[in-house]
Amino acid sequence: MDFLKTMSAGVCYYPEHWDESLWESDLKRMLDNGIHTVRIGEFAWSIMEREEGSFDFSFFDRFLDLCASTGMQVIFGTPTATPPAWLTCRYPETLNANADGVLYRHGGRRHYNYNSPVYREKVALLVGKMAEHWGRHPAIVGWQIDNELNCETNDFLSEADGKAFRVFLQKKYASLDALNEAWGTVFWSQTYTDWEQIDVPHTNAIASHNPSLLLDYVRFVSASALSFCTMQTEILRKFIEPRMFVTTNGMFGRLDNHEMARNILDVYMYDSYPNFAYGIDQTWDEDSLHDRHSSLDLTRVRSICPHFGIMEQQSGANGWYNRMEASMPRPGQLELWAMQSVAHGADYVSFFRWRTSPVGTEIYWHGILDYDSRDNRRLREVKAFAEDLEKIQEVCGADTDARFGVLQTVDNQFDADVDHWHGRVQKASEEGIFAAAQETHTTFDFVDLRQNTKLEELERYPVLFAPHFVILKEEETALLKAYVEQGGTLVIGCRTGYKDASGRCPMQPMPGLLREMTGTTVEEYTFRSPAEDMAEAEWNGRKLHVDCFMESLQAEEGTEVLARYTTSYLKGEPVLTERTVGKGRVLHFGGVFTRQAARRFLKNLGLAEPYEDLVKAPDTVEIVGRVKDGQKWLFVLNYLPEAQEIRLGEELVSLLDGEKAEGRVEIPAYSVAVYRI
Ligand code: GAL
């Protein structure tokens, strides 16, 4: 795939929203402003098949030919996120249903279900015809599958889903006895005696559903989305030229995005709207990192696909007529946010959208241009961004210079979705570690543990956190052991190892399978009662917060106690231990990695401020390192409305202005500097 070999800018364009007479001038204006790729088509099913079986591709033929003649590249979306009215009215079984089983109706988007055989047949037919017709078109560089799989809802509760869920379970368990055992259906007399008794989880369960059923249901939702994506990808690949890539845009929950990126797509793309960080209702939380918080999602995206694209990058104020209002990017912010994506590994950045839609749900979701289409500040900023990308081309394809890793597994991700208390500690630790890493200018990666993860993939991180591996498997434990033995530092948090892959709690002391490595057992554990103050401990003479959840640990021989509770009913009990294993060590912390606790860990493990000798910056500035063939670059991002001062420890080349810089340097409001180091 040649596409990401250089950094470039693009835009989302909807030829069907505009009079054809505008197309040519739009394309020329884009090219003049540094945009060389457009993403089109992802909602245009009714343009291509207005009535069942009557395919007419002439509209997009005209547009694509114009792109070819003007020199514009195209990413073509399969329009399956918005089935036409004729389809869902004639075949209501293609619709998704809400929790009460009531079918969604035409008028929004993503109202279909992945499992309806009729929907799959109609999609396969259309995608096949598109691929056959345009698979060799010179303007097309890539294809996008659907749009934002699992966006809007990731609950699939139609009859077709119920049927497919039963097939999924039959394949997984082979017998009802095995399923009953795995799900523990003996509890509350839930035992199933016929497969037909099992359904997707509607709201018709009083109190709650069986959590093991829910865990399998989430796995099923993910598998359904993946199989829908696979079906489309395989059809496309039969016809399209090998030079074209297949992608989709995310990132949404209940979906194994890693599996999708590695085994189905050529490249993964993300939709980045940093203004959402202000909160959909515009609530302003002093402690949050606001738009800088988007770097957490970008870090996640990087674990899915180290060199990704941004399919939709925010370019204007956000807003639907009924929700999600956020203000216009201030001067500089548009480029700052685009550079935030680049700093975290995006080599392609496509803005959403060229011109604000004058009709429909998204009339307040602003693109680069306003409805009046005049040149404006945002267009000038896009042009400046495209020019700046040219100045930093040497960074293309560089990895992030991550100084530690945060391990994750798909089982734990799904279980945290089902089990609220797992979700709570997981979220608190992810947020805490992220905030601490931001404030101490320490770049980190999320690292996905899979069945085929190799030791080499872990070895590059001197320290790995496994904050809350509630579900822990034998093969994962073996890999972690090998990682530690070769010299790594593994840090685990509370609640480790208290479930198996079915969501059952094994009758053994925690941290379960890791017990031998940590040399600890958990003696007592409790959520912090809201009536109590947060507990504290002491580590190396400094305070360590133990919030949200508290475990007291018993250290076996050979395990050192690093910190004990100094408050709460657990006062005096160990809360942090360390054990040497091979050439490495394992730290067991009986708490959650809140911002304060995570800061302590980053400091005490020697991870914080890795570039301190080169750049001293206030914690309100983000620093991201990228590295390629021994060469490194630092992105220094200022998200505040005023200039911030940093201090450079030696003379560095600043790529964006081509100047040499040393000593005190001002980073203007809402802007970025990129240094070669
Ligand atoms: C994205 C979506 C776009 C557009 C945008 C604004 O989630 O992919 O099609 O809807 O949000 O709502």
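Leaving aside neighbours within four places in sequence, Phe228 is in contact (heavy atoms within 4.5 Å) with Thr80, Tyr112, Tyr114, Tyr119, Arg120, Val123, Asp146 and Leu149. Phe228 sits in helix α8, residues 211–239. Helices (H or I, at least four residues) and strands (E, at least two) are DSSP runs, numbered from the N terminus. Phe228 has 0% relative accessibility and counts as buried. Buried means under 20% relative accessible area, exposed means over 50%, and partly exposed lies in between, with a 1.4 Å probe and protein chains only. Trp188 is 40 residues from Phe228 in sequence, and their C-alpha atoms are 35 Å apart in space.

A word on the model itself. It is predicted: local features need pLDDT of at least 70, side-chain atom pairs count only at pLDDT 80 or more, and totals for chains, interfaces and linings use all residues. Residues are numbered from 1 along each chain as its sequence is written, and side-chain values use heavy atoms, with hydrogens and water left out.

Next come the domains. Their bounds come from an automatic or database domain assignment. That assignment gives domain 1 (3–153 + 226–395), domain 2 (402–604) and domain 3 (615–676).

How do domain 2 and domain 3 meet? Their C-alpha centres lie 33 Å apart. Six residues of domain 2 are in contact with nine residues of domain 3. The size of an interface is often given as the accessible area lost when the parts come together. Here the two domains bury about 570 Å² between them, 41% of it on carbon and sulfur atoms. Buried area is the accessible area (1.4 Å probe) that two parts lose on being put together, summed over both. Gln438, His441 and Thr443 supply 74% of the area that domain 2 buries against domain 3, more than any other three residues.

The side of domain 2 that touches domain 3 has no nonpolar, three polar and three charged residues. Ala, Val, Leu, Ile, Met, Phe, Trp, Tyr, Cys and Pro count as nonpolar, Asp, Glu, Lys and Arg as charged, and the others, Gly among them, as polar.

Salt bridges do occur elsewhere. The structure holds 51 of them. Each is a side-chain nitrogen of Lys or Arg within 4 Å of a carboxyl oxygen of Asp or Glu. One joins Glu394 to Arg676, with the closest N and O atoms 2.7 Å apart. Glu394 lies in the loop between α12 (377–391) and β11 (399–400), and Arg676 lies in strand β28 (residues 671–676), so the pair ties together parts that are 282 residues apart in sequence. Glu394 is partly exposed at 29%. Arg676 is also partly exposed, at 31%.

Glu439 takes part in two pairings. Arg595 bridges to Glu439 with the closest N and O atoms 2.8 Å apart. Arg595 lies in helix α18 (residues 595–604) and Glu439 in helix α14 (residues 420–439), so this pair ties together parts 156 residues apart in sequence. Arg599 also bridges to Glu439, at 2.7 Å between the closest N and O atoms. Glu439 is buried, with a relative accessible area of 11%.
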